Amino acid sequence: MEDFIYSVNATMPVFLVMVLGGILIRTKMINHEFVEVCNRFVFRITLPCMLFLDMWKMDIRSEFSGKFVLFCFAVSGLSVIAAWLLGRFSLKDQSLLAEFAQGSYRGSVAVLGGAFLHNIFPNGEGGAVIGQVIIGCVPLYNTCAVLLLALHHPDRKKGEGSEGGLMKKTAMEVLKNPLIDAIVLGVIASYLGLPRITLVEKTMASVASLTSPLALLAIGAEFSLEKAKHCIKPTLLACLFKLVIQPAVFLPVAVMLGWRDEWLISLLIMLGAATTPSSYVMARNMGHEGVLTASCIAATTLFSAVTVTFWIYLGRVLGLV
């Protein structure tokens, strides 16, 4: 019961902030122009600040486990490929393929990871571990998301632009992506041991703290139940893949490789936590409608309170956590 309360406390507030966004736009306290500004602000300013700080705070030299990071990277790559193939062979509307794929594989490692680990390990044992998960999966997650959203952009369906031109544009999107740039700069800052000036760190932390509420308000405000009705099947399929299939396939492998406690919980967050809100921000900023992405975020956030609790309970019963 205690594990269930922990999981609900970590997931339901996220879902409720999305509901608040829907209420605010329907009562005209915010409008669609505000939502568009929020999306751009989160994508270009607050989320990069959060990712940079996560990397900068970690002591890469003493806490880094190459084996663990490599495992996270390999599993993330396989998940991306599997999600893309699943969408390729199951979706009737292939224009939704990019949104389906990133909704299926992108876990909320940065936003929800800390909340879960703090609840389960209140003494801070998981702080360094979640940082290594971020290094292992977030750059790949974001790079693959940029590639998918660019390659399956609506303009491509219309036949606009050459293959070479599209690939060049996609490569530039990856290089200019503020999330990827922030992660790279944060890793460099941590590796070089750059001093963390209190004034700078607190300012960036204040900006970064805006990421989750603004992103979730924007998702809730633009979520349309009427439009979502047309993508119920892909949403449920993405939920099944994200919350059940990924953990069921890869967590036993992690156990066989010897990871336990905070290491295993960190992997559970990467594999089985709700779809990250930043996937919606990225989809909208790269010209996609975002309806399926918003549906995946809402559904995985709601259902993860049950599934994550189940995985944690199973881990405790088996003496792994």
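**A walk from the surface to the core**

Leu192 has its place in helix α10 (residues 178–192), where helices are DSSP runs of H or I with at least four residues, numbered from the N terminus. The structure is a predicted model, in which local features need pLDDT of at least 70 and side-chain atom pairs count only at pLDDT 80 or more, while totals for chains, interfaces and linings use all residues. Residues are numbered from 1 along each chain as its sequence is written, and side-chain values use heavy atoms, with hydrogens and water left out.

Is Leu192 buried or exposed? With a relative accessible area of 54%, Leu192 is exposed, because exposed means over 50%, buried means under 20% and partly exposed lies in between (1.4 Å probe, protein chains only). Together with Val184, Leu185, Ile188, Tyr191 and Leu194, Leu192 makes a nonpolar surface patch of about 580 Å²; such patches are made of residues with over 30% relative accessible area and no salt bridge, nonpolar side chains (Val, Leu, Ile, Met, Phe, Trp, Tyr) being joined within 5 Å and like charges within 9 Å.

The structure also holds two salt bridges, a salt bridge being a side-chain nitrogen of Lys or Arg within 4 Å of a carboxyl oxygen of Asp or Glu. In one of them the side chains of Arg284 and Glu36 meet at 2.6 Å, N to O. This pair links distant parts of the chain, since Arg284 is in helix α16 (residues 278–285) and Glu36 in helix α2 (residues 32–57), 248 residues apart. Arg284 is partly exposed at 25% relative accessibility, and Glu36 is partly exposed at 29%. Arg196 forms a salt bridge with Glu201, with the closest N and O atoms 3.2 Å apart; here Arg196 is partly exposed at 40%, whereas Glu201 counts as buried at 16%.

Further inside, the largest nonpolar core has 75 residues, and those with the most contacts inside it include Tyr105, Val109 and Met270. A nonpolar core is a set of buried Ala, Val, Leu, Ile, Met, Phe, Trp, Tyr and Cys residues joined through side-chain atoms within 4.5 Å. Helix α7 (residues 127–151) gives the most to this core, with 15 residues. Apart from this core lies another, of nine residues, among them Leu96, Val291, Leu292 and Cys296.

The side chain of Gln102 reaches the backbone oxygen of Ser279 at 2.9 Å.

How values were computed:
A polar contact is a pair of N or O atoms within 3.5 Å; within protein, one must be able to donate a hydrogen and the other to accept it, and residues adjacent in sequence count only if both atoms are side-chain atoms. Accessible areas come from the Shrake-Rupley method with a 1.4 Å probe; for residues, only the protein chains shown count as cover. Helices (H or I, at least four residues) and strands (E, at least two) are DSSP runs, numbered from the N terminus.
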